[in-house]
Amino acid sequence: MQKSVRYNEGHALYLALLARKEGTKRGYLSKKTAETNRWHEKWFALYQNVLFYFDSEQSARPAGMYMLEGCSCERVPAPKGAAAGSAKDAAALDKQHYFTVLFGHEGQKPLELRCEDEVDGDEWVEAIHQASYSDILIEREVLMQKYIHLVQIVETEKIAANQLRHQLEDQDTEIERLKSEIVALNKTKERMRPYQGNQEDEDPDIKKIKKVQSFMRGWLCRRKWKTIVQDYICSPHAESMRKRNQIVFNMVEAESEYVHQLYVLVNCFLRPLRMAASSKKPPIRHDDVSSIFLNSETIMFLHEIFHQGLKARIANWPTLILADLFDILLPMLNIYQEFVRNHQYSLQVLANCKQNRDFDKLLKQYEANPACEGRMLETFLTYPMFQIPRYIITLHELLAHTPHEHVERKSLEFAKSKLEELSRVMHDEVSDTENIRKNLAIERMIVEGCDILLDTSQTFIRQGSLIQVPSVERGKLSKVRLGSLSLKKEGERQCFLFTKHFLICTRSSGGKLHLLKTGGVLSLIECTLIEETEAS
């Protein structure tokens, strides 16, 4: 049974004070009252999952508050009644941007808000979306994972320190024992010295025997340690550690090569083209530069930091701890979603820009740079598309040679799962985007256009040329009406097959496509396919 939440006025005033000082989002918004349906400007402050509003920014006490847990926020068009009044008022209201907060529990009416700045409205919608106690719990879980990881490292260090301490104590005990033996031997030697004072030098044969004994003792000791070392080298644990270290070294080399590729992309193409767009006769616009490269510079900075972290870990070899680096990298990899989603569009913009001779000439000059090694700009734009799958494969190989009781195994498995989830999202977005672009390309090919291709649920399957034959009724050749013409003989048609519709087009002498006026768009839901096996 869900427990109720109790709070008093003191709690509300304290939270309102925190919202005024540390709120996630603050500013003026217009609020629609439920009683009079009029808009009143209030100063709002969002703190965690509570939204306060004040009469003005200087007000100390809030005029009201809303609990946002379980709510949703979405942009809405301007209400129809907003255009009423004078032309001046209508023009002012057209600049307003509306959004609504829908509460999860029944009995509470939606909160209708508006602002004058579209960007500010988007920020408010995003901030209210994230105002959830569950998001705080997720963040707490991530911090707890990092804390547990650090505690495990500390415990491992403590165990190692205790082992070293015990070894030192054992060595101190052994030293004391040897000291006592040396003292006893010295005393025995002192007692025996009077009896040996008159003896001649030691017999040469005895010296040879002692020399041989010393040599044998040294050889046996070296043989013992050699056996111990060889047994460890041939053990499965040592073999697994060698493979694990080799995987890490290969990952560092691959990361170094990837950072160099990003460096060439940014310094040999992005920054020179950005400067060229600011010239008197720019061969390319700044908008096109942004569309082609998007956030390539941010990706380069991110991987430079990651590469520096990897090199620091290699400097501390053979102790290789990598999970904390992936913990830092994972939250920032979402920028790859925008790059991958924009990749096909960036190549299309680049192809359009190459139609400009000045730009094509300038681009070939940049590609002739020795740092590019004969590679084109399209090649460098493709490299980030494969980086997330490369990380997933590396983590798979790394986990295959990481023991289950290893201190960072859970962190590496968590990083692998997050990267696989991100890869699936990116693949789905790329597939949807490619389908939409294919539909729009076909829609632009048809002179009259086709409204059904603007439906995002339409998935392209295939296209090709088919022969349309006249139908035969009761032994007579019937005419098939095709617009203003009648089909008395076979005719070639350009056909496009989608999941829900089948388009039939004719090609004019100029090469343009036209939909058939009758039967040009067939709904496959209402059609029946019959295969005629007889040639007649």
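**Figure 1. Strands cover the buried residues of helix 3.** The cover includes strand 1 (25-32), strand 2 (39-47), strand 3 (50-54), strand 5 (72-76), strand 6 (97-102) and strand 7 (111-115). Cover here rests on contact, meaning heavy atoms within 4.5 Å. Helices (H or I, at least four residues) and strands (E, at least two) are DSSP runs, numbered from the N terminus. This is a predicted model, in which local features need pLDDT of at least 70, side-chain atom pairs count only at pLDDT 80 or more, and totals for chains, interfaces and linings use all residues. Residues are numbered from 1 along each chain as its sequence is written, and side-chain values use heavy atoms, with hydrogens and water left out.

**Figure 2. Helix 3 and its buried face.** The buried residues are Asp120, Gly121, Trp124, Val125, Ala127 and Ile128. Seen down the helix 3 axis, they fall within an arc of 165 degrees, so they line one face of the helix. The arc is that of the directions from the helix axis to the C-beta atoms. An α-helix has 3.6 residues a turn, so residues three or four places apart point the same way. Helix 3 has 12 residues and spans 17 Å from its first C-alpha to its last, close to the 16 Å expected at 1.5 Å a residue. That expected span is 1.5 Å times one less than the number of residues.

**Figure 3. Asp120 in helix 3.** Is Asp120 buried or exposed? Asp120 counts as buried because its relative accessibility is 19%, and buried means under 20% relative accessible area, exposed over 50%, partly exposed in between (1.4 Å probe, protein chains only). Asp120 touches Lys25 and Cys115, not counting residues up to four places away in sequence.

**Figure 4. A nonpolar surface patch that includes Leu220.** Val212, Phe215, Met216, Trp219 and Leu220 make this patch of about 500 Å². Patch residues have over 30% relative accessible area and no salt bridge, and nonpolar side chains (Val, Leu, Ile, Met, Phe, Trp, Tyr) are joined within 5 Å, like charges within 9 Å. A salt bridge is a side-chain nitrogen of Lys or Arg within 4 Å of a carboxyl oxygen of Asp or Glu. Areas come from the Shrake-Rupley method with a 1.4 Å probe; for residues, only the protein chains shown count as cover. Leu220 lies in helix 5 (residues 204-233). Leu220 is partly exposed, at 47% relative accessible area.

**Figure 5. Ala371 in the loop between helix 11 (357-367) and helix 12 (377-382).** Ala371 is partly exposed, at 28%. Ala371 touches Val264 and Cys268, not counting residues up to four places away in sequence. Ala371 and Cys268 are 103 residues apart in sequence, yet 8.1 Å apart in space, C-alpha to C-alpha.
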